[in-house]
Every structure is written in structure tokens, then in C-alpha cells.
Amino acid sequence: RLTFNHTVTDDPHVMCNLFAGFFASTFNPRDDTTLDFHFASNFNVNRFHVSEERVRKELESLDVNKGNGPDLIPPIVLKKCSVQLSKPLTNLLNRLFMDGIFPTALKSSYVVPIPKTPNATDVTSFRPIVIQPALAKVVEGLVLELISNDIKSIIVPQQHGFCKGRSTQTNLVIYTDYILSAFNRRHQVDSIYLDLSKAFDKISHSLLISKLEGYGFCGLSLEWFKSYLNGRSLKVKLGNHLSEEFPPTSGVPQGSKLGPILFNLFVNDIISHLSSEYLLFADDLKIFKEIYSRDDCLNLQRDLNLIAEWCDDNKMVINSTKCLTITFCRLKNPVAFNYTVSGDIKRVTSINDLGVSLTTNLSPDAHIDAVSLKANKMLGFIFRMSRGTFGDETLLLLYKALVRPNLEYCTLVWSPHYASHIHKLQSIQNKFCRLQGVRRGAAYREVSVPALEQEFLLPTLECRRRMFDIIFLHKLINGAIDSPELLSRISLLVPAGTRSRNMFSTCHHSNNYSYHGPIARLHRRGNSIPSDGDMFYDSIAHLKKRLQQ
């Protein structure tokens, strides 16, 4: 049974149309507003052209486990026939590029509703997953490769979403290091987390085209993007039932390869003329500032007003009820200020930022409690469901896939240094080993955890956190992580003599939180690599092998 706007039904066809009506309501009405954008950073792309070899590789990269879209062509057919299809498809695509056309047959997609919560019955409790034709993804992948290098130079370094070499972890390391630096100066940091309502669905097609032109797309390439965005259609699919067709009158095509890049380009200028610091992960935007006095709070509010003006100009909506503000400090009397955007912004004392719980003093206690509880529940669920039917290898695989990742996500940001925290996290892995021992007939407390860890090739979580830190540092200094701001915070040591083997500079820290911060810890980890290891020469695989030994 499904409900929406006082309508209750269990008829699959009616359910499809209820979903279609709701999903269609998230789009803005068609808007033909155009503006002239002249960005300081731009390039020039007049048309696209692809080679037969590149088309074949794109066909071979298709995921055969994905379902087919409205074209009813399974990805496995395109992949298996890549050699035979590559030449005619190359000729066809290059002709379409010369005409500035994206094929109409590839503009239709299915929308599959996925519940946000268990046992959801209201239409608003579902999120749309878009299934495109496999061939559409091939075309998009080819265009993406052609423009990715140009776009890389345009996207602001503060954007960490959908950018190769950046991640939630790079975002949070920069953020927490900024806060810890303010703590060292005995100042606070005020942060405002902004929520852009249905951001991916609200983008104006005409404004997006104007921005693409401002960045340097012109001629046939710009005409191709116009064709790509316009004339699309969606149908909700539930089993074998389909809704009536409806058009996405705004937004970037979701489920596509080009959608995330187009979104990044659209919001790339949202932070123009800001005096405050800011970080983005796709549509997750936070602005923050080190506060010396009330004047700094007023400047932060001014920047917030500028963002609100940008949203008005770009047909985007800030959901003020979901915006949050938090003051990070270790002061007895911080500067108090009420920030507003269409009303007061709710103030909190802890926040979940990209999957990591942050409190006002950046203590990892709350996050460690949360991930330990989540991992413990998942471990219990796995053993209850197995009921003695799963073998050791299956249980080990489930532990590595479903339990351990909860304990290791973004550890560079919150890695524990207190023995109690280290033990709390390790106790989850110890419990897994003990339960395995019980299945073999041993008493729970008599199971030798180190012996089973060795048998299952399970390093302690502390050893793995050390390895993650060193690998992150290796990627950063060798360019696999694309974050100039982070790289600028790594200090190489120029030795005064020949006895020192340290590669990275370490400095004195007057407090625990600074000493154990991400950047300071990276320097110490870098100096702790084995004597025969080379941070600049060794591959990641070779470095892992040395660390495991």
C-alpha cells in the first residue's frame, strides 16, 4: 500500500503514477532565462571527436551486471560485440557531434523508487534511482574523457565531490586542521552548514548552458549540450508496470556520467567574493571563519547573504529549516552570534559532517561511540543470520565487507590516541574472533584472539590505521591525491647532518589535540616507515607489503 496527498492505493499502475507525480514536482518549471557569464578561468572547446579505439574501450568497460534501460539493450550485448560495433558506432557518433545532436532515443530513462527507510509507505519517503540506456552511458563516458582535463583546471580546489583525487576525507582533513589551528591561537571557529533543496533537480537548463558558454564551450560542443539537456523523458518503473511519461524540466540528468560534472560547473561560482573559508562536497556546502570578534561574525553573515543572493539569481533554494550552525571552541566564553537565512539558523553542539560526528571541541568520543555501536549491531546480525550455516571464509568476508568499514571510515580525521578508545574499537574485531572460536567449540573467554587474527590474516585495527595514514601521505606527495592546500601543509625536512633519517619536519605541540591532529600525525607516520622504504619511489603495493612485514 502506498499513500500520497490523501490517496491510498495498492494498484501497481496507480502507484507508478503517484511516484511520477511526486518526482515531477521536484523540478522547476522550464525557464529560458539566459545570462552572460565571463569567468576568469576558462578554456575553448568547439567540437567533439572520438576514435574507434576509444569507443571500443568504452564499450568494454560497461558493467554487465547493470539492467537495461528503455532501449531494452542489455549492457552485456554491447560489451560482447564491442569489436564489431566500435567502427560503425564511431562513425555515427562523430556525425552526431558534427551536427551538435544527442540522440533522442537515448534521452528516455526509467526511474526506480528506492525507500529511504524500512517499511516506507509514503511516496515522499522514497528516492529516485534513474536507469539510463547503456549506450547513453557510453556516449557520456566518451564526452567526459574529452572534457575532463579542461574542467579539472576550472573546478575550485574547495570542491571535493566528483573530483578525481579528492574525497570526503580530504575535505574533512583540511577542515579539522583549520579548526585545530584556530584552537592553538585560542580562537573559535563558527561554521554554517547550508542545505540546497533538491539541488541536482533544480538547476535551470538555460542558466547551465549560459555557464558552459562562459567557461569556454562554444559552437558544436555547446549545441550538443543543449541537445543533451533538452527533450528528455522519464517513466517510473515498478516491476513490469510503467507510469505515464513526464519531462525533467530542470536539473542535471541523474544516474548519468556527465550529471555530476555539470553540477560542479553550475555551482562553481557560488562562493565568488567570499571572505570566509568554504568547502564543498557536491551540494554539501559549509562556510566557516576563525572568530576574533563580533566583526568576524558580521563578515560571516555577510558571506551567508551573498550565497543567498546567488541562490536567488540561479533559481536555487536554500532549505533554511535544514541549515545548521556550530561553534568549535575550547573557550569558556566564546563569541555568541545568531546567524540567519530566511530566519534564524538552528544552533547545534554536534554535527554529522560527511559521515563523521564532530563535536564543539573536536573530541572523537561521540564518533567512536557511534561507529562502535553500529559495527557491533552489524556483527551480531551477521552471526544471528548465519545460524551455523556459514563457513569461516564467508563470515570473514562479511566481517571485512560490512563490519570493519564502519570502524575505518575517515580514520585520518578522528584516529584515537587514548587507550580506552583504541580498545573499544579493537574489541569489535576481538569479538568476531571469539565468536569464530565458539563456533569451533571453545569457550568464549578462552579463545586466543591473536592466534585467530594470524590465521585469518587480520592485522589489528591500530596497525591498519597506521597503514592508512602512510598510504594517504604517499598518495598526497606523489600526486594521487589532488589537493594543493593539503600538500602545502606537509613540511619536508632538510637534515643538518647525515645521522637523521627523518623525511618530514616535526614541531613542538603544546597540547594533546594539536599533537594528535591529522597533519601532525601524518608527519610522524612518514618518519616511521621502515628503513628500506622510500616514500617517493615505492609503489603503494610495495609500501603496503613493507608495512605488513
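**Notes on the salt bridges**

1. With a relative accessibility of 45%, Glu-455 counts as partly exposed. That value sits in the band between buried, under 20%, and exposed, over 50%. Please keep in mind as you read on that this is a predicted model.

2. What does Glu-455 pair with? The partner is Arg-440, and the closest N and O atoms of this salt bridge are 2.7 Å apart. The two residues tie together distant parts of the chain, being 15 residues apart: Arg-440 belongs to the loop between helix 15 and helix 16, while Glu-455 is in helix 16 (449-455). Arg-440 is partly exposed too, at 43% relative accessibility.

3. Salt bridges can also share partners: Arg-54, Glu-58, Glu-145 and Lys-257 are joined in this way into one network. In total, the structure holds 24 salt bridges.

4. Next comes a bridge between two helices. The side chains of Arg-439 and Asp-392 meet with an N to O distance of 3.0 Å. Here, too, distant parts of the chain are linked, since the residues are 47 apart: Arg-439 lies in helix 15 (residues 419-439) and Asp-392 in helix 13 (residues 392-408). Are these two residues buried or partly exposed? Arg-439 has a relative accessible area of 33%, so it is partly exposed. Asp-392, at 25%, is partly exposed as well.

5. Asp-99 and Arg-95 form a salt bridge whose closest N and O atoms are 3.3 Å apart. Both residues lie in helix 4 (residues 82-99), and their spacing of four residues is about one turn of the helix. Asp-99, at 40% relative accessibility, counts as partly exposed.

6. Finally, a word on the annotation. An unreviewed UniProt entry gives "domain: Reverse transcriptase" for residues 95-358. In the model, the end C-alpha atoms of residues 95-358 lie 53 Å apart. As for secondary structure, this span is 36% helix and 21% strand.

Terms used:
Residues numbered from 1 in each chain as written. Predicted model: local features only at pLDDT ≥ 70, side-chain atom pairs only at ≥ 80, totals over all residues. Heavy atoms only, no water. UniProt positions renumbered as here; feature names shortened; annotations may be inferred. Salt bridge = Lys/Arg side-chain N within 4 Å of Asp/Glu carboxyl O. Buried < 20%, exposed > 50% of the residue type's maximum accessible area, 1.4 Å probe, protein only.
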